[in-house]
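User: Please take a close look at one part of this model. I would like a connected account, with the numbers kept in.

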Amino acid sequence: MVISGGRAAAGRRARSPYPRRMSPHVLILGGTTEARRLAAALAARPGTRVTTSLAGRVTRPGALEGEVRVGGFGGPDGLAAWIRGERVHAVVDATHPFAATITANAATATAAARVPLLVLRRPGWRPGPGDHWHPVASLEAAAALLPGLGRRVFLTTGRLGLAAFAGLTGLSFVVRSVEPPEPPLPPHTDVLLARGPFTVADETALLREHRVDVLVTKDSGGAATSAKLTAARDLGLPVVVVRRPSPPEGISPLPDVAAVLDRLDEVLARPAGRA
């Protein structure tokens, strides 16, 4: 269901890069800043229909250009049916780097519907001089590592999956997320509801105020929440970094909106937008 729409940017519109006979429809699986930027860029292209799909986990998403739908598709079969029914020419998965289930469903659905899938993933973070990082494969692995690293934990892994830390009764946690976290939570937890971007000064003050001695984060990448890593480095704190899940076999993620637009021009210029 389309719940809202937006207008493309005013002013002189560029000539469509697609064949004159074609009015492409691009489905964006969104929820990230990059997805919003991509929707705006596509909505400004003459004759292009763009629909952004949101999972509905955030109660007040930001404004988006083009059409917007909220809610799941009912798995890969439902997504494939929607792609066919709405005559989608290409799908761009611009979800969070840890939305592995959505990415897997998109790969299955687009293969069934025979439309190209592009995956947009901002580059991950990389440790630099002075960083004390401990890479792990999962939240459970992060929880297992914590007792040997510190007693006061700044946990910035989002509102889901915190049950992995619920058994750590000897540690104190500060949990930050955009929406209220889902229980169960560790018994000694302070919850901070906030949305980035955050400054290094703010993050440093937070770490000092709560006497944090270890940081836990997912490798989300991007600048909006990277200041905590700089603050931890400056304070000499260890950082437990949960590695990203690997993309589905055969998928090579693109690093930014410009790369996705270039690739879309290639795939949509082919007959029927086939890969």
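Which is the crossing of helix 5 and helix 6, left-handed or right-handed?

Analyst: Right-handed is the answer for helix 5 and helix 6. This is a predicted model, so every value here is computed from predicted coordinates.

Start with the geometry. Helix 5 covers residues 200-209, and helix 6 covers residues 227-235. The two pack at an angle of about 55°. Their axes lie 8 Å apart. An angle from 35 to 65 degrees falls between roughly parallel and roughly perpendicular. Helix 5 and helix 6 are therefore oblique to each other.

Now the residues that meet. Helix 5 contributes Val 200, Glu 203, Thr 204, Leu 207 and Arg 208. Facing them in helix 6 are Ala 227, Lys 228, Thr 230, Ala 231, Ala 232, Asp 234 and Leu 235. By class, this contact has six nonpolar, two polar and four charged residues.

Helix 1 (residues 33-43) packs against helix 7 (residues 257-268). The angle there is about 45°, and the axes are 10 Å apart. Helix 1 and helix 7 are therefore oblique to each other. Their crossing is right-handed. On the helix 1 side, the contact is made by Glu 34, Arg 37, Leu 38, Ala 41 and Leu 42. On the helix 7 side, Val 257, Val 260, Leu 261 and Leu 264 take part. Seven of the residues in the contact of helix 1 with helix 7 are nonpolar, none is polar and two are charged.

Glu 34 sits in helix 1. Its relative accessible area is 14%, under the 20% cut-off, so Glu 34 counts as buried. Beyond its neighbours within four places in sequence, Glu 34 is in contact with Leu 120, Arg 122 and Val 257. Thr 95 is 61 residues from Glu 34 in sequence, but their C-alpha atoms are 8.7 Å apart.

Finally, the setting. The protein chain has seven helices and 12 strands. Of its 275 residues, 44% are buried. Take the contacts between residues at least 6 apart in sequence: 67% of them join residues at least 24 apart. The accessible surface of the chain comes to about 13700 Å². Carbon and sulfur atoms account for 53% of that surface.

Terms used
Residues are numbered from 1 along each chain as its sequence is written. This is a predicted model: local features need pLDDT of at least 70, side-chain atom pairs count only at pLDDT 80 or more; totals for chains, interfaces and linings use all residues. Side-chain values use heavy atoms; hydrogens and water are left out. Axes are lines fitted to C-alpha atoms, for helices over the stretch in contact, and angles run from 0 to 180 degrees between N-to-C directions. Helices (H or I, at least four residues) and strands (E, at least two) are DSSP runs, numbered from the N terminus. Angles under 35 degrees count as roughly parallel, over 145 as roughly antiparallel, 65 to 115 as roughly perpendicular and the rest as oblique. A crossing is left-handed if the near helix is turned anticlockwise from the far one by less than a right angle, and right-handed if clockwise. Contact means heavy atoms within 4.5 Å. Ala, Val, Leu, Ile, Met, Phe, Trp, Tyr, Cys and Pro count as nonpolar, Asp, Glu, Lys and Arg as charged, and the others, Gly among them, as polar. Buried means under 20% relative accessible area, exposed over 50%, partly exposed in between (1.4 Å probe, protein chains only). Accessible areas come from the Shrake-Rupley method with a 1.4 Å probe; for residues, only the protein chains shown count as cover.
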